[in-house]
Amino acid sequence: MPAANYLESLNPEQRRAVEHGVVAKDGGRPGMPLLVIAGAGSGKTNTLAHRVAHLIVSGADPQRILLMTFSRRAAAEMTKRVERIARKVLGDNAGVMTDALHWAGTFHGIGARLLRDYSDQIGLDPAFTIHDRDDSADLMNLIRHELGFSKTASRFPTKGTCLAIYSRCVNAETPIEQVLGASFPWCAGWAAELKQLFAAYVEAKQKQNVLDYDDLLLYWAQTMGDPGLAREIGGRFDHVLVDEYQDTNRLQSSILLGLKPDGRGLTVVGDDAQSIYSFRAATVRNILDFPGQFSPPAALITLDRNYRSTQTILAAANGVIDLARERFTKNLWTDRTSGIKPQLVTVRDEADQARCIVERVLENRESGTLLKQQAALFRTSSHSAPLELELVRRNIPFVKFGGLKFLDAAHIKDMLALLRFVENPRDRVAGFRLMQLIPGVGPASAQKVLDDMAGSADPLAALASSPAPRRAGDDWAKFIAAIADIGRSGWPADIERARLWYEPHLDRIHEDAETRRADLIQLEQIAGGYPSRERFLTELTLDPPDATSDQSGVPLLDEDYLILSTIHSAKGQEWKSVFVLNVVDGCMPSDLGTGTSAELEEERRLLYVAMTRAKDDLHLMVPQRFFTHGQSAQGDRHVYASRTRFIPDRLLHLFEKANWPRAAAGTPARAASSGPRIDVGARMRGMWR
Ligand code: ATP
Ligand code: MG
């Protein structure tokens with residue numbers, strides 16, 4: 001075996017995790033199951049990357065390694081790291097080896113690929129399309145109307161609530177009565193109707209050959225229920241490795257068990273203190289119960305040294321999480337000493353919060369910290385609005401993770417609906433959206449055509465022969481011709497044909513058609529990076545590109561930009577300098593989160609996740625007033641806020657208290673205005689379109 005100097009940077013526990021069960025030159029042989037459980041920044045992800053590299057260097061076949069992470073971005077980052085490490089040993093051959101690491105992705109993305117591979121064996125049409133959460137809500141809504149539930153006298157749950165209940169039942173593998181009782185008590189009276197709705201929803205998806213996000217896991221888990229298929233699929237992989245295991249749900253753990261019933265070759269890593277997805281039915285029990293699922297039990301390795309943050313940041317984060325009711329991981333230590341404590345900055349309101357952050361971000365840049373090495377984190381996407389406004393005003397580029405997406409723009413959704421409809425003409429939500437773009441076609445006539453199509457064995461033929469809606473005119477014939485034409489063109493020429501059909505509609509519908517047209521060109525460029533229409537649609541739906549301040553839609557990776565992210569999307573990442581917005585009661589914890597103590601604990605972990613993203617300096621912002629967006633019973637309004645309850649007085653010694661602006665309270669913060677210099681509102685509208 002080559003000199004193992006690539007393992008020298010690891011500490012003894014990390015090294016044990018990397019080498020666990022790996023036999024030199026025989027890395028392909030799966031060893032006993034392993035759980036690495038450790039706090040933030042202790043090198044879990046780094047250890048996992050080293051383990052994959054070590055497996056490959058020791059002879060494992062990269063094509064038989066399945067690596068599942070939280071996002072596609074994380075998977076890409078991990079693949080790069082593996083290659084970097086392997087290159088130290090294998091030299092230029094490393095690229096060849098890690099290119100073959102093509103089973104790296106999210107649970108959902110991998111699920112979609114496997115389901116297409118095995119579609120004929122599970123009675124699924126391989127041309128299935130995937131609904132994102134909006135599409136799923138739209139379909140739920142269609143059925144709600146069809147069943148007449150939207151017209152009942154007392155209020156039936158909204159489409160979003162229906163979808164949330166459905167999703168919870170599926171992901172937690174829990175009966176509806178129990179889900180309603182525990183999480184949606186105000187809907188408990190509707191159990192019978194909801195069951196009927198969900199049955200119709202499932203039937204509709206099947207008829208239309210669409211899968212929603214939950215189906216990707218559900219179908220996969222069901223497939224693993226067949227012993228023959230489970231053996232076959234599990235047999236494709238010698239090693240299965242999962243990062244961020246604390247945020248998986250029961251379906252995901254049953255999939256893993258199906259893949260590797262005896263646990264051989266299975267490695268999972270996670271941190272119970274960072275479990276923040278229970279609202280999607282993730283359960284921390286997965287990680288706690290992991291060792292005992294196997295006989296003999298899985299090996300357990302804990303890491304307690306933090307390499308990310310300075311001592312003062314770590315002390316404050318540990319202080320916050322120490323107050324949690326229940327914890328498995330131990331406190332971390334670091335030798336990164338530093339005198340600067342995390343700052344608790346009191347500001348007057350969210351506008352001042354934005355100005356303060358921008359001022360400090362620019363100061364940091366002056367002293368050599370790139371914008372990219374700084375991040376502003378928030379509880380909910382809408383909380384960053386004032387900051388975005390300030391950044392646009394000051395011409396500071398930024399990228400926003402986990403918020404509004406490029407794909408949420410109406411024109412992009414139209415284009416994707418068109419491609420999806422061509423891919424799968426039974427996709428009713430796509431068809432419904434599309435047909436109504438045509439002048440003279442309303443919901444009723446679209447429904448009628450879609451009904452004709454649904455009743456036919458050949459939906460495209462039915463579409464062509466279905467009588468044109470009365471007021472549609474020529475545009476209807478053009479639509480039918482375009483669908484056939486796009487279907488015939490190969491990938492990626494079809495996306496250009498799709499645009500040509502769509503552009504006249506774009507011009508008619510939108511005032512700012514010109515900027516939107518640029519987005520469509522951009523979409524074509526993105527499409528160029530995918531091997532097929534099917535992969536393009538699948539991967540874009542599952543993990544869309546992030547929104548950016550740049551008009552062109554997707555981040556230009558060689559440029560410098562500030563990171564804006566929800567805390568949920570910041571998982572696993574780190575920045576030199578981190579600003580956490582609205583660290584106040586009513587936001588962290590949110591009004592919604594104070595319901596049960598379990599929810600409250602999750603909010604505490606959320607703050608812990610946010611704080612532990614920082615390497616060198618951390619600012620927790622405490623506006624005295626903030627704007628709630630329909631979170632409270634009173635709807636949108638300004639509320640007076642106080643510091644989060646997760647930082648009680650007895651933890652204050654861990655922080656540096658500051659006020660901004662530094663002037664004494666009560667003096668006006670801003671210089672007298674000489675009138676607006678730019679029309680910020682227009683720029684903001686341009687940004688999200
Ligand atoms: P999180 O819980 O936030 O996902 P993590 O446990 O996955 O964190 P990593 O992201 O893997 O932690 O590592 C945190 C930082 O520590 C990274 O910058 C990584 O490069 C560094 N690091 C990890 N292990 C070592 C080591 N042995 N020596 C030096 N630096 C290390
Ligand atoms: Mg990690």
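## A chat about the predicted model

Modeller: In this predicted model, N209 sits in the loop that links α9 (191–208) to β5 (210–212).

Colleague: Okay, what is phi of N209 near?

Modeller: Phi of N209 is near 60°, a positive value in a residue other than glycine. Most residues other than glycine have a negative phi.

Colleague: How does N209 count, buried or partly exposed?

Modeller: N209 counts as partly exposed, because there are 19 C-beta neighbours inside 10 Å. A residue needs 20 or more to be buried.

Colleague: Where is N582 found?

Modeller: N582 is in the loop between β14 (575–580) and α25. With 25 C-beta neighbours inside 10 Å, N582 counts as buried.

Colleague: Let's zoom out. How many helices and strands does the protein have?

Modeller: There are 26 helices and 18 strands in the protein. It has 689 residues, and 47% of them count as buried.

Colleague: What share of the contacts with a separation of 6 or more comes from residues 24 or more positions apart?

Modeller: Those residues account for 77% of such contacts in the protein.

Colleague: Can we look at a strand residue? Which strand is I130 found in?

Modeller: I130 belongs to strand β4 (residues 129–131). I130 counts as buried because it has 24 C-beta neighbours inside 10 Å.

Colleague: Which residues does I130 touch, not counting residues up to four places away in sequence?

Modeller: On that count, I130 touches A112, V210, L211, T538, T541 and L542.

Colleague: How far is I130 from I276?

Modeller: In sequence, I130 and I276 are 146 residues apart; in space they are 25 Å apart, C-alpha to C-alpha.

Colleague: What about T267, where is that?

Modeller: T267 is part of strand β7 (residues 266–270). With 29 C-beta neighbours inside 10 Å, T267 counts as buried.

Colleague: Leaving aside neighbours within four places in sequence, what is T267 in contact with?

Modeller: T267 is in contact with L34, R51 and L241. W190, by contrast, is 42 Å from T267 in space, C-alpha to C-alpha, and 77 residues away in sequence.

Colleague: Time for helices. How do the axes of α14 and α25 cross?

Modeller: The axes of helix α14 (residues 311–322) and helix α25 (residues 597–611) cross at roughly 170° and come within 9 Å. That makes α14 roughly antiparallel to α25.

Colleague: Which residues meet there?

Modeller: From α14 there are I313, A316, A317, V320 and I321, and they meet R604, L607, Y608 and M611 in α25. By class, the residues of this contact divide into eight nonpolar, no polar and one charged.

Colleague: Now α22 and α23, at what angle do they pack?

Modeller: Helix α22 (residues 493–509) and helix α23 (residues 513–527) pack at an angle of about 165°, and their axes are 11 Å apart. That makes α22 roughly antiparallel to α23, since angles over 145 degrees count that way.

Colleague: Is that crossing left-handed or right-handed?

Modeller: The crossing of α22 and α23 is right-handed.

Colleague: And which residues meet in that pair?

Modeller: I495, E496, R499, E503, L506 and D507 in α22 meet A513, R516, R517, L520, E524 and A527 in α23. The contact of α22 with α23 has five nonpolar, no polar and seven charged residues.

Colleague: What lies in the loop between α21 and α22?

Modeller: P492 lies in that loop, where α21 covers 474–488. A cis peptide bond joins W491 and P492, with omega about 0°. Most peptide bonds are trans.

Colleague: What joins W660 and P661?

Modeller: A cis peptide bond joins W660 and P661, and omega is about -5°. P661 is in the loop between β18 (656–659) and α26 (680–688).

Colleague: Last topic, α2. What should its residues span?

Modeller: At 1.5 Å a residue, the 14 residues of helix α2 (residues 44–57) should span 20 Å, and this agrees with its end C-alpha atoms, which are 20 Å apart.

Colleague: How many residues of α2 are buried?

Modeller: α2 is mostly covered, with 13 of its 14 residues buried. G59 follows α2, and phi of G59 is positive, near 110°.

Note on methods
Residues numbered from 1 in each chain as written. Chains lettered and ligands numbered in written order. Predicted model: local features only at pLDDT ≥ 70, side-chain atom pairs only at ≥ 80, totals over all residues. Axes fitted to C-alpha atoms, helices over the stretch in contact; angles between N-to-C directions. Helix = DSSP H or I, 4+ residues; strand = E, 2+ residues; numbered from the N terminus. Parallel < 35°, antiparallel > 145°, perpendicular 65-115°, else oblique. Left-handed = near helix turned anticlockwise from the far one by under 90°. Contact = placed C-beta atoms within 7 Å. Nonpolar A, V, L, I, M, F, W, Y, C, P; charged D, E, K, R; others polar. Expected span 1.5 Å × (residues − 1). Buried ≥ 20, exposed ≤ 12 C-beta atoms within 10 Å, placed from the backbone.
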